[in-house]
Amino acid sequence: MDKEYLTGSQVHSQSPGRIGSLDGLRGIAILSVVLLHWLIRPNRESIESVSLQLYEALNQTAHGVDIFFVISGFLIGRILLSRSENHGFLKAFYIRRFLRIVPLYFAVIFLFFVVRLLFGGYPADVAPIWSYFLFVNNLLNAYGTPNIDEFGAYWSLAIEEQFYLSSALLAVFLGRKGVVSLAVMFVLGSLITRAAVAMSFFDVGVWTFTFGHTDPIGIGLLVAAALQSPQVSNMLKNHITLVRLIGLLSFIAFVMPVSTTSGSRSFGIDIFLISISVGSWILIKFLAQPSSLLAVKPLRCVGEMSFSLYILHVGWATYAGLVLDISGDFKAVNMLISFVLLLIVCRFLWVFVESPLITLGHNWRYSEEGFKGT
């Protein structure tokens, strides 16, 4: 059966594979993040001179990261809920995650670090290079230590790696109950943390703090658990209109001006709303609406290479500005050229680096047999 047309409890029984509509959603997410870092925030003053509300609305593209988090929670949740009881699961899971993330990510970190050393040195007052290799840079950011520009988006990768480590262990030792408990802890922990910070009980940057920003992952896990359970998925399918309404109302509330106010952001209401909206969309996608406009090829292609785009796009913009004039009369044209070149590089990385590493990872199966071999 085509994975694009799985419904209900069928989702968890199929072998892992790429899902076109989710790749399309990844494409939307990464394009939102690139738009934020390339156009919106660099031109903040110009946009705010037109309208402060316009800038706040455009700044909501930062929540492309939350879309990634929900998708990650959902897809990893499917694996944990259906495969964690298999012998050798932890080894296969961690090897696959390592090959998917670490080689390319560490190579990019090393590249930008060397460039920094060659052209002026690595600053002393920023997060040290070792924090990125240990995936704790987000915690340093949360307590006030900044990044160099090139590494500004890497806090989210640290949170994801922390999620991978904890979720797999809980799934193995506690089973389904452990996964659902982690999901609830992620959601409630983030809501409580943000409320505590907003009410000045303690001072931490909730956007990059692990328990200030894990409710999207928790919602993705809960969606996976709901679809994995025949009883819950059938109940949701019978009330699919309510699921649609919740998703629609959450998205409307997210785009309303009230969600961009400082008070709303301090409580992370916008994070929660977009996560509920995306989680509802995934439920609808698998329960009642297999086809999706997001599965169009251009978006799928961008979604496939979203990881390399994410880890490269800020540094690329930083150094492209030194090569191309992105501030003069030909700013728009040169920025477009820069983006096209970035897409070419990322497609190359997808074909010749990421895909081979994913294939290599698939040699370790979530099954009794363990290593598959070549």
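Ile246 is partly exposed, because its relative accessible area is 39% (buried means under 20%, exposed over 50%, and partly exposed in between, using a 1.4 Å probe and protein chains only). This is a predicted model in which local features need pLDDT of at least 70 and side-chain atom pairs count only at pLDDT 80 or more, while totals for chains, interfaces and linings use all residues. Residues are numbered from 1 along each chain as its sequence is written, and side-chain values use heavy atoms, leaving out hydrogens and water.

Look for Ile246 in helix 12 (residues 240–255); helices are DSSP runs of H or I with at least four residues, numbered from the N terminus. Ile246 belongs to a nonpolar surface patch of about 710 Å², together with Leu242, Leu245, Leu248, Leu249, Ile252, Met256 and Val258. Patch members have over 30% relative accessible area and no salt bridge, and nonpolar side chains are joined within 5 Å; the areas come from the Shrake-Rupley method with a 1.4 Å probe.

## Salt bridges

How many salt bridges are there? The count comes to 6, where a salt bridge is a side-chain nitrogen of Lys or Arg within 4 Å of a carboxyl oxygen of Asp or Glu. In one of them, Glu150 meets Arg116, with the closest N and O atoms 2.9 Å apart. Glu150 sits in the loop between helix 7 (137–142) and helix 8 (155–174), whereas Arg116 is in helix 5 (residues 89–118), so this pair links distant parts of the chain, 34 residues apart. Glu150 counts as buried because its relative accessible area is 1%.

Another salt bridge pairs Arg194 with Asp215, with 2.7 Å between the closest N and O atoms. Because Arg194 lies in helix 9 (residues 176–198) and Asp215 in helix 10 (residues 215–228), the pair ties together parts that are 21 residues apart in sequence. Both Arg194 and Asp215 are buried. Arg347 forms a salt bridge with Glu304, and here the closest N and O atoms are 3.0 Å apart. This pair ties together parts 43 residues apart in sequence, because Arg347 lies in helix 17 (residues 331–361) and Glu304 in helix 15 (residues 297–304). Arg347 is partly exposed at 28% relative accessible area, while Glu304 is buried at 17%.

## Aromatic pairs

The structure holds 25 aromatic pairs: rings of Phe, Tyr and Trp (its six-membered ring) pair if their centres lie within 6.5 Å, and planes under 30 degrees apart count as stacked, over 60 as edge-to-face and the rest as tilted. Tyr105 and Tyr154 are edge-to-face, because their planes are at 85°, with centres 5.2 Å apart. Tyr105 is in helix 5 and Tyr154 in the loop between helix 7 and helix 8, 49 residues apart. Tyr105 is buried with a relative accessible area of 0%, and the value for Tyr154, also buried, is 0%.

Phe251 and Phe254 form a tilted pair, 6.3 Å centre to centre with 40° between the planes. These two are about one helical turn apart, because 3 residues separate them in helix 12. Is Phe254 buried or exposed? Phe254 is buried at 6% relative accessibility, whereas Phe251 is partly exposed at 39%.

Finally, which ring lies under the charged end of Arg96? That ring is Tyr366, whose centre is 4.3 Å away from the charged end of Arg96. Likewise, the charged end of Arg97 sits over the ring of Tyr164, 5.2 Å from its centre. A charge sits over a ring if NZ of Lys or CZ of Arg is within 6 Å of the ring centre and within 35 degrees of the ring normal.

Note on methods: Patch = residues over 30% accessible without salt bridge, like charges linked within 9 Å, V, L, I, M, F, W, Y side chains within 5 Å.
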